[in-house]
Amino acid sequence: MMILCGVSGLILGVSLIAVNELVIRDELASLDRALVVAAHNAAHQFERERGALPTGVVTLPEALAPTAGLIAIYDDAGALVRRSPSFRGPAPALAELGVDVGGPVPWEGHPVDLARAGEPLRGVVVPLRQSGLLLYAASTSMVSEDRRFLLHALPLLFILAMVVTATISRAVGRHLARDVERLAVAVDAIGRGDLDVRVSHRVRGSEETAALARGLDAMAAQLESLMASQRRFITDAAHELRSPLATLRGELQLALRRQRPAEDYRAALATAVEDVEDLSELADELLDLAKPGEQPPALERVRVAELVDAAKRLASGDAASSGVELRAFASPNALAAEVCGLRSTLVRSLRNVLDNAIRHAASGRQVDVRVRETAATIELAVEDRGPGIDPAEAASVFAPFFRGRHARASSRGGAGLGLALAARGVEEHGGTLTLDPSFSGGARFILTLPKAPAPQDPARDAD
């Protein structure tokens, strides 16, 4: 604030000095113009009345009061010929006034400064029509009074302006300082983990501080969302890992509780291996989910028939143990079509959707894969005849760890990661995974992938 007041004071002081000089210079210029007019009028009267000097009061500029004119007549050599009684003393020689009598005096006059009994005068020397020169002078007391007035008024104006500037600067500084303090308190609260703090509604200062407050609120909201997602991820992951770990521990404790035949130990170890494999698969899915989305590193052309067969083969074990039949329906042209991407990711995405359908399909029912070709895409629809998706839960079905009402009630529920991973894998290849809300009697998920561009003809390239 002190720097602001200092800079303001410097600018204001320079401005007031410039105003003073401009006002005095303007008054002197106005006086010179009035003196030239009065001098020519006096010269005309002098020549018309054949040597009689004019007397009386001459009206000068509107800013100056009427004043008596002092007149002196000189010959061409600069010698004084006659002077008006108002001089009350000897008239000055033209050489003393800096007038070159050897050269022509301009018609618009030659301005001069002189004094009478210590009183400053302003005059102008003009040529007479026949011969000789005329000096017309007047007191500059009004200009001096204006100068004295400005010398007294401008410092007072400067002090008053500085007081007002300092008062306003202090008020504005305090206002802005309060906003900065609020922002500092909010930043400190966020640093201590209080992400509920909001400060934009309390900032009433400049637009810059208001924008900073809005950005701080947005950052806090984003951090709060990220922290909530992290807490949910950790909580859900711990819950999903705890169940198979508890099962594994129970099986091993039961096997070690008493002596058993070798076949019982072998069965317990086989069950333990299955639980470990489930844990490994869940850990892989968690790692895949934690990775940021990246473009597949090595793209390849994958035939739709190979994609469907590979996914069916991987899901056939779960289908067989659940008593579910996997079926595929497609035209030969659709199966012969190709998509472009990472084969393992595409197969895994389709397999995850099939696993989800098998998990919710009733024993003895079918899970169908229907392939449809459009001009630019391939649609892979996976249909099951299970309980379907509750419309209220449709918007969350692709969220990580989400398990619908039917999945939570079932003893065959998964970790809630399959559809999330499948959706991300499809999106990495420029496609979409959607739930068909119009399908009844179960659930229908549609994987839409862009078709691979037509291969180039080598013979055409050679031409």
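Helices (H or I, at least four residues) and strands (E, at least two) are DSSP runs, numbered from the N terminus. Counted that way, the protein chain has 10 helices and 14 strands. What you're looking at is a predicted model, where local features need pLDDT of at least 70, side-chain atom pairs count only at pLDDT 80 or more, and totals for chains, interfaces and linings use all residues. Residues are numbered from 1 along each chain as its sequence is written, and side-chain values use heavy atoms, with hydrogens and water left out.

Let's start with the whole chain. The accessible surface (Shrake-Rupley method, 1.4 Å probe; for residues, only the protein chains shown count as cover) comes to about 26,700 Å², and carbon and sulfur atoms hold 58% of that.

Now zoom in on strand S10, residues 338–341. It pairs with strand S8 (residues 300–303) in the antiparallel sense, over four bridges; two strands pair if DSSP finds at least two bridges between them. Val 339 in S10 is the bridge partner of Val 302. Val 339 also sits on the covered face of S10 along with Gly 341, while Glu 338 and Cys 340 lie on the uncovered one. In a regular strand, side chains alternate between the two faces of the sheet.

Helix H7 covers residues 343–360, and Asn 356 is part of it. Asn 356 is buried, with a relative accessible area of 13%. Leaving aside neighbours within four places in sequence, Asn 356 is in contact (heavy atoms within 4.5 Å) with Leu 419 and Phe 445.

Note on methods. Buried < 20%, exposed > 50% of the residue type's maximum accessible area, 1.4 Å probe, protein only.
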